[in-house]
Amino acid sequence: MAESIPPLSVTREKDVRVIEFTNNRILDEANIAEIGNTLSALIDEVDNPKLLLDFGTVDHLSSAALGMLINANNRVREHSGQLRLTNIKPQILEVFVITKLNKLFKILPSRAEALASFT
Amino acid sequence: MAVAGSNRHGDTNPPAPRGRGANGRQGSAHHLTFTIPSELSAGRKVQQQILEAIEQKGFHGHNFFAINLALEEALTNAIKHGNRLDPHKKVHVEAKVSARRAEIIIEDEGPGFDRSNVPDPTAQENLEKCSGRGILLIESYMNRVIWDRGGRRVRMVKTNKKTQ
């Protein structure tokens, strides 16, 4: 059934997990919770995890989704890992700027630049 | 559907189902009212209907995005924080949408809150908190926001100015 499509697709670029959102709207609580759980599992899998979140398909984002991303960011830090966000559309980036979360997250304009920024 | 160029009052449309107001072309307004239980799924259905109305009235691009975001935040606030998901409490929603202006009124049956006591989520000490941004987003994206009835009601207005 269509409902069983997972909300994230995960690929690998060397030691970086690249995560894309398959639904263009990180919208309802259930979806956000599932994404959060998947990210937590990925972060817990390895020491010093490197995660890249690609927002290319995302057209809509709520503050609940921002909370989930902050959780992920905190968890990555606890695991001495690195998190990058990329390909954020201007309207969505504006939400990060208004909430000043552009200062909390490391946001890069393109996937290539984001991948190059991991240490 | 009304014929382009005409603007009839009086009803050429069949009776509208509950939750919908009179439908019309430019020059008249959509007026929608809803009373829903304190469930996020019910809020999403209301959100969808209001978004259809604003899109039909010509709110696109950034104006559409803004209302979508503020509306979602305000509904979540009413359902989750105002009414605390209490099944005995309702949320009342009203939307008045014309080609120039969308006004959305949301009222919960909770205890209310003091707007001046809400911490600034952009302050350094709050930046890593997982919640508390809804009001900031509502006030940033709508042109006019009024909190009244002890914080139980929010009235927010977006004007449909043309933006690139």
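Chain A has four helices and seven strands, where helices (H or I, at least four residues) and strands (E, at least two) are DSSP runs numbered from the N terminus. The model is a predicted one, in which local features need pLDDT of at least 70 and side-chain atom pairs count only at pLDDT 80 or more, while totals for chains, interfaces and linings use all residues. Residues are numbered from 1 along each chain as its sequence is written, and chains are lettered from A and ligands numbered from 1 in the order in which they are written.

From the N terminus on, the elements of chain A follow one another as β-β-β-α-β-β-α-β-α-β-α. The C-alpha atoms of this chain fill a box of roughly 35 × 35 × 25 Å along the principal axes. A compact globule of 119 residues would have a radius of gyration near 14 Å, and the 13 Å of chain A therefore agrees with that expectation; the radius is taken over C-alpha atoms, and the globule rule is 2.2 Å times the number of residues to the power 0.38. Of the 119 residues in chain A, 30% are buried, meaning that 20 or more other C-beta atoms, placed from the backbone, lie within 10 Å of the residue's own.

Chain B comes to three helices and five strands, arranged along the sequence as β-α-α-β-β-α-β-β, and 33% of its 164 residues are buried. Its five strands form an open sheet in the order β1-β2-β3-β5-β4, with antiparallel pairing; two strands count as paired if DSSP finds at least two bridges between them. The edges of the sheet are β1 (30-37) and β4 (144-148) of chain B, each of which pairs on one side only.

Where the two chains meet, the contact takes 16 residues from chain A and 19 residues from chain B, with two residues counted as in contact if their C-beta atoms, placed from the backbone, lie within 7 Å. On the side of chain A that touches chain B, α2 (63-78) and α3 (90-98) of chain A each supply at least two residues, and the largest share, seven residues, comes from α2(A).

Definitions and conventions: Buried ≥ 20, exposed ≤ 12 C-beta atoms within 10 Å, placed from the backbone.
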